[in-house]
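Me: I have a structure open and I am new to this. Can you show me how to read it, feature by feature?

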Amino acid sequence: MMLIETLKLLFERDLNKLTQEIELYQNESNIWLTSKDISNSAGNLCLHLMGNLNTYIGATIGGTNYIRNRELEFSLKNIPREDLLTSISKTKEVVYHSLDKLTEVQLNTEYPLLVFDEKTSTMFLLVHLTTHLCYHLGQINYHRRLLDF
């Protein structure tokens with residue numbers, strides 16, 4: 001159970017940091033900026049992260065009724081900052097409660113969805129999801145520092 005507690009701490013830490021990054025934009029409209037060298041806005045990356053976590057943790061592990069529309073994660077624009085922050089908060093709760101349902105045995109079993117080229121364990125997928133969150137969190141931080149002026 002130590003890994004589950006560690007994952008909960010990491011997801012909470014990084015989702016809190018995501019909240020901070022979105023809040024730090026001085027100009028709310030800059031959340032949605034792109035440039036010739038930056039094709040994804042911070043807003044779209046945020047939507048993508050919420051879709052990812054709600055699908056692979058919330059729906060698959062936690063049994064929520066979340067249905068993902070990945071295309072919209074990258075095509076929606078100008079969603080109010082407050083809506084993004086609410087989505088992050090709700091996703092954090094979903095992740096926390098879903099991980100609470102996991103057992104050590106389930107961690108070591110095959111993850112029920114094919115996400116990569118071949119099946120993986122639930123443990124592998126959850127560790128991947130923490131690194132995926134960190135990767136895009138770093139992009140959002142860089143986006144804010146480059147484009148929020």
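This is a predicted model: local features need pLDDT of at least 70, side-chain atom pairs count only at pLDDT 80 or more; totals for chains, interfaces and linings use all residues.

Me: Let me start with sulfur. How many disulfides does a search of the whole structure find?

Reply: A disulfide needs two cysteine sulfur atoms within 2.5 Å. A search of the whole structure finds zero. Take C46: the nearest cysteine sulfur is that of C134, 15 Å away.

Me: Next, the inside. Which residues of the largest nonpolar core touch the most other members?

Reply: The general idea comes first. In soluble globular proteins, nonpolar side chains tend to be buried together. Here the largest nonpolar core has 34 residues. F11, L18, I22 and L126 touch the most other members. The largest share, nine residues, comes from α2.

Me: Take one of those residues. What is F11 in contact with, leaving aside neighbours within four places in sequence?

Reply: F11 is in contact with L53, I57, V95, L99, L126, L129, T130 and L133. Find L53 and I57 on your screen; both are in α2. V95 is in α4.

Me: Now the helices. How do I describe two that pack together?

Reply: Two packed helices are described by the angle between their axes and the distance between the axes. An angle over 145 degrees counts as roughly antiparallel.

Me: Which residues of α1 and α2 meet?

Reply: From α1, F11, L15, L18 and I22. From α2, C46, L49, M50, L53 and I57. C46 turns up again here, on the α2 side.

Me: Are α2 and α4 roughly parallel or antiparallel?

Reply: Check the angle. The axes of α2 and α4 come within 10 Å and cross at roughly 25°. That makes the two helices roughly parallel. This crossing is left-handed. On the α2 side, the residues that meet α4 include G43, C46, L47 and M50. On the α4 side, L84, S87, I88 and T91 are among them.

Me: What about α1 and α4: at what angle do their axes cross?

Reply: At roughly 180°, and the axes come within 10 Å. That makes α1 roughly antiparallel to α4.

Me: Is T19 buried or exposed?

Reply: The cut-off for buried is under 20% relative accessible area. T19 has 18%, so T19 is buried. T19 is found in helix α1. Leave aside its neighbours within four places in sequence, and T19 is in contact with L85 and I88.

Me: Where is H48, and what does H48 touch beyond four places in sequence?

Reply: H48 is in helix α2. At 4% relative accessibility, H48 counts as buried. Not counting residues up to four places away, H48 touches R68, R70, E73, F74, H132 and H136.

Me: Now the backbone. What is phi of N78?

Reply: Phi of N78 is near 55°. That is a positive value in a residue other than glycine. N78 lies in the loop between α3 (70-75) and α4. At 57% relative accessibility, N78 counts as exposed.

Me: One last stop. Where is F149?

Reply: F149 is in the segment after α6. F149 is exposed, with a relative accessible area of 78%. Now compare sequence with space. F149 and Q26 are 123 residues apart in sequence. In space they are 7.6 Å apart, C-alpha to C-alpha.

Methods:
Residues are numbered from 1 along each chain as its sequence is written. Side-chain values use heavy atoms; hydrogens and water are left out. A nonpolar core is a set of buried Ala, Val, Leu, Ile, Met, Phe, Trp, Tyr and Cys residues joined through side-chain atoms within 4.5 Å. Buried means under 20% relative accessible area, exposed over 50%, partly exposed in between (1.4 Å probe, protein chains only). Contact means heavy atoms within 4.5 Å. Axes are lines fitted to C-alpha atoms, for helices over the stretch in contact, and angles run from 0 to 180 degrees between N-to-C directions. Angles under 35 degrees count as roughly parallel, over 145 as roughly antiparallel, 65 to 115 as roughly perpendicular and the rest as oblique. A crossing is left-handed if the near helix is turned anticlockwise from the far one by less than a right angle, and right-handed if clockwise.
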